[in-house]
Amino acid sequence: MRKQSTSDYYKSNPRARKKRLRQQARYNKTPKGLKIRVAANKLNRTLGTYGNGDGKDAAHTGNGNKGKLQDPSVNRRRGRRKLHIRK
């Protein structure tokens, strides 16, 4: 039996998806979330993949690294630490 992915879980649980999107929207407005988003956009532009529809992600492979183009399914599969939001 195939292990359920996070996206499968949120597709089948609309209430949980809505809660996650609200939480993510709050996180993106924090100084840390803003910094991450700005860095992601900057790397996307540097690699030439921003808005061109090539279906690639800019993989942030560490501090000070130039990054690389990567398939979204591979890039987003990588484990992340839990997001912590202070209220």
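**Charges on a predicted model**

K56 counts as partly exposed, at 36% relative accessibility. Partly exposed sits between buried, under 20% relative accessible area, and exposed, over 50% (1.4 Å probe, protein chains only). This is a predicted model: local features need pLDDT of at least 70, side-chain atom pairs count only at pLDDT 80 or more, and totals for chains, interfaces and linings use all residues. Residues are numbered from 1 along each chain as its sequence is written, and side-chain values use heavy atoms, with hydrogens and water left out.

Now, the partner. Which side chain meets K56 in a salt bridge? That of D71, at 3.4 Å, N to O. A salt bridge here means a side-chain nitrogen of Lys or Arg within 4 Å of a carboxyl oxygen of Asp or Glu. D71 lies in the loop between β2 (68–70) and α4 (72–75), and K56 in the loop between α3 (31–47) and β1, so the pair ties together parts that are 15 residues apart in sequence. D71 is partly exposed too, at 37%. The structure holds 1 salt bridge.

Next, D57. Buried or exposed? Buried, with a relative accessible area of 12%. D57 lies in strand β1 (residues 57–59); strands are DSSP runs of E, at least two residues, and helices are runs of H or I, at least four. Leaving aside neighbours within four places in sequence, D57 contacts K68, L69, Q70, P72, N75 and R76. Contact means heavy atoms within 4.5 Å.

Last, the surface. R15, K18, K19, R22 and R26 gather in a patch of positive charge. Patch residues have over 30% relative accessible area and no salt bridge, with like charges joined within 9 Å. K18 is in helix α2 (residues 14–29) and is exposed, at 56%.

Definitions and conventions:
Patches are made of residues with over 30% relative accessible area and no salt bridge: like charges are joined within 9 Å, nonpolar side chains (Val, Leu, Ile, Met, Phe, Trp, Tyr) within 5 Å. Accessible areas come from the Shrake-Rupley method with a 1.4 Å probe; for residues, only the protein chains shown count as cover. Lys and Arg count as positive and Asp and Glu as negative; His and the chain ends are not counted. The place of a charge is taken as NZ of Lys, CZ of Arg, CG of Asp or CD of Glu.
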